[in-house]
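User: I would like to learn how to read a sheet and a helix in a model of this kind. Could you take me through one example of each?

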Amino acid sequence: MSALLFYGDTERSPAMRHELPVTIGDPFLLGIVDGRLHVLASGLERARIEEAAPDAVLHDYDELGFRELLESGISRHELELELASRAAAAMGIRVATADPDMPVAVADRLRADGIDLHVDDEAIAARRRVKSAPELAGTRRAQIAAEAGMSAAAALLRQSEGDGDRLKLDGQVLTAEAVRAAVRDACQSHGAPAPPDIIVSSPWSGFGHDPGSGPLPADLPIVIDLWPRDEMSGCWADMTRTFVVGEISEQVRSMESLVLEAIERTRQAVAPGITGRELHNLVCDVFEPAGYRTQRNGPGEDPKEGFQFSLGHGVGLAVHEPPGLGRTGHGPLVTGDVIAIEPGLWVREIGEVRFEDLLLVTEDGGETLTQYPYDLSP
């Protein structure tokens, strides 16, 4: 049985955070040998590692010659590579499957030491597809925070009113920045901060992953897409809603109806064994007969028009992780996956109507974790 090797820190590596649920900001080597966890451990982290993983084998810096290396005159980079090399030797590793995020310098050194190292993204990613109980609890907390953030956005929009073609609140033009700040404050207060680039977009500003900026329009769709991260577990949530303040046109209502049909068809089809590509096709089957271009049949004159993106993605210790729910989603869903489904339609003069829910894949289908209405009126 090949060992598994990881190198990095658990703040930025979801693969390592899954194996060792402790926040460690400095890079270290982590191995799994014959099913047992091995960790290159600094004395600064030893007690927390022992508490989180009492059965792990700890390879202490000092036992590997850390103090002698400090006095040797080598650089910090060379010291870290030497410790990784010595730790791998202490773990007894000769053949290993490596995390694809392992730094090239570390991989080169281990291979120079004679370790047969193979990078396997699918094998590493598969280890965290089935969420642990603490991870799932963290995702649920993050989702509660997301809904609090969405409620904060809706409250500002609800209190605003149209003044010509734009929205005003208390006599001042309502901006994407003001709504974004309210969303982030609400998420933070629920223990799950949201990044500074969460999306508050409209046909005036913002498309795709552009967060949007400036005044918000009356009578046109405003898309709120937010993804807070639970501080305790490091797990994310992700959700989107679309709001219109003022008159809702017939075309927007038609787009809303199609998107709601697409999300409901997807929800009913989610189950272990179905692929992301099959789910994406279900959505295309809704949009294409209504005259909209999709990623499946390619863009029209405007490359943005219609449904020109994936249906969604996995969510966990990374906000975008396997399984994929688009044209490259060839692998089947498994029980324990958490996925975000976000069908939407974009029209140049109108903007976008999109809804996004978080689902847990269960043995007999899916559990919707998002509990927030789809009303266009905030």
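Analyst: What follows treats a sheet and then a helix. This is a predicted model, in which local features need pLDDT of at least 70 and side-chain atom pairs count only at pLDDT 80 or more, while totals for chains, interfaces and linings use all residues. Residues are numbered from 1 along each chain as its sequence is written, and side-chain values use heavy atoms, with hydrogens and water left out.

User: In what order do the strands of the open sheet of 6 strands lie?

Analyst: Strands (E, at least two residues) and helices (H or I, at least four) are DSSP runs numbered from the N terminus, and two strands pair if DSSP finds at least two bridges between them. Here the order is β4-β3-β2-β1-β5-β6, with mixed pairing; β4 (57-60) and β6 (116-119) are the edge strands, each pairing on one side only.

User: How many bridges join β2 to β3?

Analyst: Strand β2 (residues 28-33) runs antiparallel to β3 (residues 36-41), and 4 bridges join them, with Leu 30 standing opposite Val 39 in β3.

User: Which residues of helix α10 are buried?

Analyst: An α-helix has 3.6 residues a turn, so residues three or four places apart point the same way. In α10 (residues 276-287), the buried residues (under 20% relative accessible area, 1.4 Å probe, protein chains only) are Gly 276, Leu 279, His 280, Val 283, Cys 284, Val 286 and Phe 287. They cover an arc of only 155 degrees around the axis, taken from the directions from the helix axis to the C-beta atoms, which puts them on the same side of α10.

Definitions and conventions: The expected span of a helix is 1.5 Å times one less than its number of residues. Buried means under 20% relative accessible area, exposed over 50%, partly exposed in between (1.4 Å probe, protein chains only).
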